[in-house]
Amino acid sequence: MSDNSELSDITIIGAGVAGLWAAYALSERGITPRLIDRHGAPGAHGCSWWAGGMLAPFCEGATSEPAVIRHGQHAAADWAGVTDVAQKGSLVVTLARDRAELDRFARRTSDHARVSGDALAALEPDLAQQGREALYFATESHLSPRRALADLVAALARRGITVEQGEATPADIPGTVLDCRGLAADTPGLRGVRGEMVMLRTDDITLCRPVRLLHPRHPLYIVPRGDGVFMLGATQIESARRGPVTARALLELLSAAYALHPAFAEAAVIETGADLRPAFADHVPRVIRQGRVLHLNGLFRHGYLLAPALARQAADFIELGRKGDLFHDAD
Amino acid sequence: MRDFYGVTLDSPLMLGTAQYPSPAVMEAAFRASGASVATVSLRRETGGGQAFWQMIKGLGVHVLPNTAGCYSAREAITTARMAREVFETNWIKLEVIGHADTLQPDPFGTLEAAEALCAEGFEVFPYMTEDQVLAQRLVDAGCRVLMPWGAPIGSGLGLNNRYGLRTLRAAFPEIPMVVDAGIGLPSHAGDAMEMGFDAVLLNTAVAQAGDPVMMAEAFGLAARAGALARRADPMAPRDMAVPSTPVIGKAWL
């Protein structure tokens, strides 16, 4: 695929985080693809809209394949070229009853330090309490997903790539096609995993970085969006059912947040959301080549963490014919 | 090995399908363990879990749908009917939870649901405490398998009431029994099998282990070891030491 005529005839379908990054990675190499999405610019129709925006490869490593940690480590630097990335690390805490969970999480992850007392209070004063220990992952980061999508769209526009609104499937389009439509692509082996989230606003608590609460039944993460806005996520249910967040999910997310800090009880619920994460069986994303079509899919809960690496591997293949570890040949 | 509603199992290990890091890890765990039965919860996947259900069917083991998370007989009966349609099996692991914190089964709701489901032709595997009176009522209702708990679900505490489990086992020698819930270590599984239970069912202990596949293999081995030991008729513990080599005739030096 390194023929020059092919490089001038590339179309990306889907303008979620995968498609936008694919376009950006190609533009970095002087290639200007077409970018088409049936809904146009990114918005509530895509699962990228509902993401947490944590760039936390080491925390994710507790339950992910090594590839997620390896590629995820570069995400913060990649995103920093496009949007504001808060390089403030992340914290993992438990309720007093579940202290053993913290030891276990510490054993199963790396690149963290144990903090308590004054050290914890210096990081997040509102979370410090007598006897509480936390794990601090100093090199992790977070971003604001919706701002990041808008910033990516703007960066692409400066390079002459705009999101065209229109229905398209790879069969309709000649040349090389990058299919980044997520679940709409119906890629073999792909399934939807439902996730639900809540946005709260309160001035009664301040957090500077994402906080994960380990809980045997209701694990939770809270990502501060600034201006008193907090994103609470996320359920993970083996279901491809769409539709609004359920009462049960809301109860679980809000109860866990309340248990973490009672001030969340008085927060305003400003938004709820539910969508499906496209996932392969091993929860690792793939670039799958099928003839002239490259499928970039299966980012699961790691859209922002792994889209830059996935796009880079697609671009490497298109430009140089190089096949990375996320590359699969369907032919 | 004893049969479960006419089905003889290759392995006395039954594994749950929740909480694994990914379906790929789950599949590898099943393969490593040699488990013969996969339990699957329908409750929260209502109407949209087809892709995941296909993966479970693809494991090539017997599927035992459950009514996990149901707090009333009515809910459990509805879930069981749905499970029968989705998985095309009359098997149902009946779980009616009575207490949100301990997740202990509601014996009254369980009995009510078991009576209704047996009458509808279901082959019911009731999740229960080790209570003998309840066991008798469930057998009277038509249950031909019983599933006493080892300890609260997900607690990993092992066999909390060995006396209760032992007497239950002895009271119903003809009924296949599975120790379900609370098993945290392979030794707990081996223990249950040595006590004469016919199978063990667990989920968290494998799915949440640091290496689920390795832990699954350990459980497969332990359950098999316990079953073999039971069949081999173990020696009885005794207070007096008995030398395994004769001492008489040894040289006195």
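Which residues of helix α5 (residues 132-141) of chain B are buried? The first view takes that up, and the others move on to further spots in this predicted model.

**View 1. The buried side of helix α5 in chain B.** Tucked away here are Leu134(B), Ala135(B), Leu138(B), Val139(B) and Ala141(B). They sit on the same side of α5(B), because they cover an arc of only 155 degrees around its axis. What do the buried residues pack against? Look for α4 (107-119), β7 (123-128) and α6 (162-171), which belong to chain B.

View 2. At the start of the helix, Asp131(B) brings a side-chain oxygen to within 2.8 Å of the backbone nitrogen of Val133(B). At the other end, α5(B) is followed by Gly142(B), with a positive phi near 120 degrees. As for confidence, chain B has a mean pLDDT of 91, and 94% of its residues reach 70 or more. The model itself scores ipTM 0.81 and pTM 0.87.

**View 3. Helix α1 of chain B and what it packs against.** In α1 (residues 23-33), the buried residues are Pro23(B), Val25(B), Met26(B), Ala29(B), Phe30(B) and Ser33(B). Seen down the axis, they fall within an arc of 155 degrees, so they line one face of α1(B). Their packing partners come from both chains: β10 (191-201) from chain A, plus β3 (13-16), β4 (37-41), α2 (50-57), α8 (204-207) and α9 (212-231) from chain B. Just past the helix comes Gly34(B), where phi is positive at about 70 degrees.

**View 4. Thr89(B) in its loop.** This residue lies between α3 (73-87) and β6 (91-94) of chain B. Is Thr89(B) buried or exposed? Thr89(B) counts as buried because its relative accessibility is 16%, and the cut-off is under 20%. Its side chain reaches the backbone nitrogen of Trp91(B) at 3.0 Å. Setting aside neighbours within four places in sequence, Thr89(B) touches Val63(B), Pro65(B) and Arg84(B).

**View 5. An open sheet of 8 strands in chain A.** The strand order is β5-β6-β4-β11-β12-β13-β10-β14, and the pairing is mixed. At the edges stand β5 (113-116) and β14 (268-279) of chain A; each has a single partner strand, so one side of each lacks a neighbour in the sheet. From one strand to the next, the twist averages 25 degrees. Zoom in on β4 (residues 90-94) and β11 (residues 211-214) of chain A: they run parallel and are joined by 4 bridges. Val92(A) has Arg212(A) as its bridge partner in β11(A).

View 6. Strands β15 (residues 286-290) and β16 (residues 293-297) of chain A are antiparallel, with 5 bridges between them. The partner of Arg286(A) in β16(A) is Asn297(A).

Technical notes: Residues are numbered from 1 along each chain as its sequence is written. Chains are lettered from A and ligands numbered from 1 in the order in which they are written. This is a predicted model: local features need pLDDT of at least 70, side-chain atom pairs count only at pLDDT 80 or more; totals for chains, interfaces and linings use all residues. Side-chain values use heavy atoms; hydrogens and water are left out. Buried means under 20% relative accessible area, exposed over 50%, partly exposed in between (1.4 Å probe, protein chains only). Helices (H or I, at least four residues) and strands (E, at least two) are DSSP runs, numbered from the N terminus. The arc is that of the directions from the helix axis to the C-beta atoms. Contact means heavy atoms within 4.5 Å. A polar contact is a pair of N or O atoms within 3.5 Å; within protein, one must be able to donate a hydrogen and the other to accept it, and residues adjacent in sequence count only if both atoms are side-chain atoms. pLDDT is the predictor's confidence in each residue, from 0 to 100. Two strands pair if DSSP finds at least two bridges between them. Axes are lines fitted to C-alpha atoms, for helices over the stretch in contact, and angles run from 0 to 180 degrees between N-to-C directions.
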